[in-house]
Amino acid sequence: MPLDLTNAVLLPIDMQKAFDLPSWPRRWNAAVDANGLLLVEAWRAAGRPIVHVRHDSAEPGSTLGPAQPGNAFRVGFGPKGDEPLVSKSVNSSFIGTDLDLRLRRLGIDTIVAFGISTDMCVSTTVRMGANLGYRMVLVEDACDCFDLPDGRGGTIPAAIVHRTHVATLGFEFAQVATTRELVQALAAAGAVAAA
């Protein structure tokens, strides 16, 4: 299915420094920052809307707490100019925020989502966005997640967790695309608009 980005917003989710701290389990996607930055730069160059999401944890001692250094955005991420920021304290970017209202006011019908982590805040946001009637696009290679305890003393490797969640989201909730496909679709949309 072709990517229609006519009324699309880019939604980087929780691209924060805390996830590099040793207190978090092992991640798998070494290219998450590079791919995410390519998307942000392409969106800005095209003059398209971006809404940034940051997790401001309310959990005592969390590395994502507002007063913690880990709450800060990763290098190159975060709002620039008048790009809006949505602050959340749960998994969904829609709960307890004005994200839905912001997007409706912008006339958005498509959300292009990426971030950390695939199986938690990204997945929850994609699922809820689809339930709210948005056409969701998940940028699979601009997401990352962690090794996950299986509840029985073992560990599910992060790459398997990611692959499983991408498959589930792609089956029911979102169109799955790569960074390259999104950047190419954005360039094509710009060329058509300029013609």
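I started with Arg102, which forms a salt bridge with Asp98, the closest N and O atoms being 2.9 Å apart. For my notes, a salt bridge is a side-chain nitrogen of Lys or Arg within 4 Å of a carboxyl oxygen of Asp or Glu. Arg102 counts as partly exposed at 29% relative accessibility, and Asp98 counts as partly exposed at 34%. My cut-offs are under 20% relative accessible area for buried, over 50% for exposed and partly exposed in between (1.4 Å probe, protein chains only).

A reminder on provenance: this is a predicted model, where local features need pLDDT of at least 70 and side-chain atom pairs count only at pLDDT 80 or more, while totals for chains, interfaces and linings use all residues. Residues are numbered from 1 along each chain as its sequence is written, and side-chain values use heavy atoms, with hydrogens and water left out.

Next, I looked up the other salt bridges. The structure holds 10 salt bridges. I found Asp144 and Arg27 joined in one of them, at 2.6 Å from N to O. Asp144 lies in strand β5 (residues 135-144) and Arg27 in the loop between β1 (8-13) and α1 (32-45), so this pair ties together parts 117 residues apart in sequence. Helices (H or I, at least four residues) and strands (E, at least two) are DSSP runs, numbered from the N terminus. Asp144 counts as buried, at 0% relative accessibility. I also noted a network of salt bridges that links Asp20, Arg27, Asp33, Arg74 and Asp144.

Glu83 and Arg44 meet in a salt bridge too, at 2.8 Å from N to O. Glu83 sits in the loop between β2 and β3 and Arg44 in helix α1, 39 residues apart. Glu83 counts as buried at 15% relative accessibility, whereas Arg44 counts as partly exposed at 24%.

Then I turned to helix α4. Which residues of α4 are buried? I listed Ala158, Val161, His162, Val166 and Leu169. Seen down the axis of α4, these fall within an arc of 125°, so they line one face of the helix; the arc is that of the directions from the helix axis to the C-beta atoms. On the other side of α4, I found Arg163, Phe171 and Glu172 exposed.

Last, I checked strand β2 (residues 52-55). His52 and Arg54 point one way, Val53 and His55 the other way, and all are buried.
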